[in-house]
Amino acid sequence: MSSLSDRKGALGLGFAIALLVLMAATSASAETLLMPKRDYLMGASEVVWGVTTQANGTNFVLDYGDGVQTIGNVADRSYIAFNHTYANSGPMTVQLCVGPGAVIPGCTGELTSVVVNVYNGASLTPEALRGLNINRAIQNGLRYLWTQISGRAANFPASNFAFWSNQSYTALVVLAFENHGYKLTNNDVAATGLYEKYVVQRGLNQVINGLTSTTLTVQTNLGSPCVGPGIEAAPCVGFEDNSGSPGYTTAIASLPLSGSSALARHVGANPPMNVNVAGKTYGEVLQRILNAVAWNQIDGAAGPNRGGWAYGVANNSVPSSDSSVVGWDLLALFDGEAAGATLPALIKSEFGTNGGDANQHALDGHRNNNDGSFDYGANVDEVNTDIGRNLARNAIGLQGLHFVGELSGPRVDLTVAEMNKYMGQVETPPAGSGYACQINGKYNKGCGYGMFNTFKALKLYGIQLLPGVNRPAGTIGDPDDWYEDYRDWFVANQTNPTSTAGGNWSQPTFVFSASANNDEGETALAELILAPVALIAPDPGLFSTVGLSPQTDTNPINTPHTVTANVQSSGGSPIQGATVGFNVLSGPNAGATGTCNPVNCTSSANGLVTWTYMGGPNIGNDKIQANIGSLLSNVVDKFWVIPTGLKCDADSDGDVDNDDLVIIRNLNGQPASANPAADGNGDGSINVADYRYCSLRKTPPPPPPQN
Amino acid sequence: MSIRNAARFLAAVVLVGASFVGTAQASTIAIVPGSQTIAPGATTGIDIVLTGLSATETVGAFSIVLGFNDTILDGLTFVNDPGQKMGSKANPCAVTGPCDVSLGFAAGGNAPLDLFYNADLVTPEATLHALQTGAPFVLAHVDFRGAVEGLSPLTLGFQPAFGTFLSDFDGDAISRTSITVVNGSICVDDPQTPGDRCVAQGEVPEPATLSLLGAGLAAAVARRRRKAAKA
């Protein structure tokens, strides 16, 4: 018989085992996540937040990394959010511990952490402080979109879908997250990361599950819309989004798929998806949507509407083309092409005027050649000044020119000049108006649809400066930089960015369009404009491994060096409209500035951006990295050396002789940049040691001539 | 002891003290003698001496700018490496050119004096090293003439941009941080009218120095009085 104390010991051991088993079970099934890594401003009240799949009421500790903690019971497990003011700057490790008796340190529940950067505004340059505030605005806006997931608190974490007001806003929200770098992997591996798993994956589920099948047939002029690998010949199955007017909702539904960089991923069995899409790859789903977009292109009899798009499906009929719808369909085709999808061969020429017939098509039907504007209707009315004409439509017209390959010329210049008339202007929509964009016909700052189309058009053409912008005095950057003007405007007009419920862009300062007013859609548009890409972000895996080249290069000091960023989709298709940053991380030229080609560092049709900087006088190894927003490229090496062939040959005559020594003598005390060859020993300056070095390495005199 | 001698003594103390500044293994480049007094119109010379080279250091070339007050002193002549410790001057240090590529004095014997000298190209490093460390290594000898009364500092100038003023045998820099620099001065003072020429204008002696000077002056006065009494 065992003693009481033995039994107590046995009971204690049993309890410990049970606890371990319980903990293991909890760890395996539960999940606690913090917001993604981000930047904060010291001294400002900032929102720090996370989620847990453990039950509401569970103990938690949120440790801000600066010695301050918030302790309590989880009230809303889908949004454990608190305001905190950092008194110090530097990297801070935020930790969230959730579980019975949660404590930090020594968390025995679920513990997760993220390192955030807190900056002291007083120690930053004005440019850096502005950049910080832009980053804060982006993160606060994305957080707002998180809070607005329909039924978030009630459905988290069980739901496999995420929804924002309607299918189209949902698609735009997902694209916004993708364009800020939150993407799925290009395989069937389950998503990880708070935004990737709960926003992007579930948002894509929502968009994909909302698609319906339709039969696509051969069109009179376009031919077959059934293109792309694995797509059956006409008649084929296309996918449409009929949640609204399929002329544009179908186009918008394609956007998050194009932006996913995950076209090899499969629509899985869990959650159960509609039978139309189940089991298909995202690439196939995208292709079938875009085929429907092509099928929806106005076809049939010649005329100014042909090649355009209307609110309804057009298949071989000739409804009136609507320039707003055209804008969304063009975006779908731009993004889809960048993602590597196939477009019917004639879709561009059908839209433009080079389709082989003598009649004007939609591009010219909408376009006013007198002033370069783009009318609401494709009526070939050159004197039309109806209220439909505005900056948004002009920008769609400019995109149209780009779509048909008209990258320069008088028509482009005329439209840009027309757009310039609207630059710098601000909409002042009255509260409660659903048509605020239309009040004074400007469609610029304050009108989401106008700003978004302007953003796309000007980025695609690589236009950075417009004289009409005329930013306020004291702003940072070029006074004619329209995009910096936009970014300043967004930072200044975000609603309650540092409140747990805020971070949105909303009426009365910002509305979606002339016919829509929705905070989620508006915030999605703002986030899309604040993203570093006009269309879609590149494949993260490719960009982080081979995005920058050459991987290694060696050149003489005091010469220029050029690196090339390659912005490409997962299938290798070039992506235009991505703004690339470059940074010499370390080495003799750390922090160097350089110049881009294209000059605004935005990728053109080939997806490439080059950056050239001048190597200084010092030898060594520069480490260089490119970035598209928070997406980082591979790090490449540049080795700067003294050119062997030139060493000591200060007069570049092919030998080292007294003439070279005289030059070195006269350059005594100068930096190597004065004459790199004169810095014979390569220590960065020209001095007596180089004289000695080179005198020991003089070219032997030629042998005397033989008789 | 005269005031002038007291000043010399103090300068010597300062020099000795300065030679102990820095690490024990550091080389020293100094004006020798550190201070001296000459009459107007008289000539004198100074050496620029390098001591304390480490076992791995051999001077292959040097570049020095000697600064002085060219109102008080006239530069006369200079000789680089008078002891030929950078190789025989009969040996070439260039195919056809000289070892000495100094710019010399500025026009009219004025300041500064630019010295730039390269060791010959045939003497082995080990031989040069033995020569340079076996006895005082005089980099250069410079002669001056006193022009007018006054105290001229002698400053071993190494323009900041030069960075390097000593090259090793192979053409790599000998680190400046391992070298202690000791400057000097020449006082031009008429012995018939001894005065305070040897105190730099504007220089305010420290109280301790003043007391030493006072003690020296008192001793000199007392000694003169004793001599007068004996006479």
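View 1. What we're looking at here is a predicted model. The rings of Phe78(B) and Phe105(B) sit edge-to-face, 6.1 Å centre to centre and with 75° between the planes. Phe78(B) belongs to strand S5 (residues 73–80) of chain B and Phe105(B) to strand S6 (residues 104–106), so the pair ties together distant parts of the chain, 27 residues apart. Over all chains, the count comes to 36 aromatic pairs.

**View 2. An aromatic cluster in chain A.** Now hop over to chain A, where Tyr169(A), Trp328(A), Tyr449(A), Phe452(A), Phe455(A), Trp482(A), Tyr483(A), Tyr486(A) and Phe512(A) make up one aromatic cluster.

View 3. Asp76(A) and Arg152(A) join their side chains in a salt bridge, with 3.0 Å from N to O. The two come from distant parts of the chain, 76 residues apart: Asp76(A) is in the loop between strand S5 (69–73) and strand S6 (80–85) of chain A, and Arg152(A) is in helix H3 (residues 152–155). Arg152(A) has a relative accessible area of 14%, which is under the 20% cut-off, so this residue counts as buried.

**View 4. A salt bridge within one helix.** Here both partners, Arg288(A) and Glu284(A), are in helix H7 (residues 282–295) of chain A, 4 residues apart, or about one turn of the helix. Why can such a spacing bring two side chains together? An α-helix has 3.6 residues a turn, so residues three or four places apart point the same way. The salt bridge between Arg288(A) and Glu284(A) spans 2.9 Å from N to O. Arg288(A) is buried at 5% relative accessibility, whereas Glu284(A) is partly exposed at 21%.

**View 5. A buried salt bridge across chain A.** Glu350(A) and Arg306(A) meet through their side chains at 2.7 Å, N to O. This is another link between distant parts of the chain, 44 residues apart, with Glu350(A) in helix H9 (residues 347–351) and Arg306(A) in the loop between H7 and helix H8 (323–339) of chain A. Both Glu350(A) and Arg306(A) are buried.

**View 6. A network of charges.** Salt bridges also link up as a network, this one made of Arg130(A), Arg471(A), Glu484(A), Arg487(A) and Asp488(A). Taking all chains into account, there are 19 salt bridges.

**View 7. Where chain A meets chain B.** Chain A brings 16 residues to the contact and chain B brings 31. Together the two chains bury about 1,800 Å², 55% of it from carbon and sulfur atoms. Arg665(A), Val688(A) and Arg692(A) account for 39% of the area that chain A buries against chain B, more than any other three residues. There is 1 salt bridge between the chains, and Arg665(A) and Asp114(B) form a salt bridge with 2.3 Å from N to O. The count of residue pairs in polar contact between the two chains is 9. Helix H17 (658–666) and helix H18 (688–695) of chain A each give at least two residues to the side that touches chain B, and H18(A) gives the most, with 6. Sorted by class, that side of chain A has 5 nonpolar, 6 polar and 5 charged residues.

**View 8. Helix H18 under cover.** H18(A) is mostly covered, with 8 of its 8 residues buried. Among the buried residues are Val688(A), Tyr691(A) and Arg692(A). The cover includes H17 of chain A, along with strand S4 (59–67), strand S7 (110–118) and strand S10 (166–168) of chain B. Look at the start of H18(A), too: a side-chain oxygen of Asn687(A) comes within 3.0 Å of the backbone nitrogen of Ala689(A).

View 9. Most residues other than glycine have a negative phi, and most peptide bonds are trans. Ile104(A) and Pro105(A) are joined by a cis peptide bond, with omega about 0°, and Pro105(A) is in the loop between strand S7 (90–98) and strand S8 (110–119) of chain A. Gln507(A) and Pro508(A) are also joined by a cis bond, with omega about 15°. Pro508(A) is in the loop between helix H14 (482–492) and helix H15 (519–530) of chain A, and Asn496(A) lies in the loop between H14 and H15 as well. Asn496(A) has a positive phi, near 40°, and is exposed at 51% relative accessible area. Ser652(A) has a positive phi near 55° and is exposed at 57%.

Note on methods: Residues numbered from 1 in each chain as written. Chains lettered and ligands numbered in written order. Predicted model: local features only at pLDDT ≥ 70, side-chain atom pairs only at ≥ 80, totals over all residues. Heavy atoms only, no water. Salt bridge = Lys/Arg side-chain N within 4 Å of Asp/Glu carboxyl O. Buried < 20%, exposed > 50% of the residue type's maximum accessible area, 1.4 Å probe, protein only. Contact = heavy atoms within 4.5 Å. Buried area = accessible area lost by both parts, 1.4 Å probe. Polar contact = N/O pair within 3.5 Å; in protein donor to acceptor, adjacent residues only side chain to side chain. Nonpolar A, V, L, I, M, F, W, Y, C, P; charged D, E, K, R; others polar. Phe/Tyr/Trp six-rings, centres within 6.5 Å; stacked < 30°, edge-to-face > 60°.
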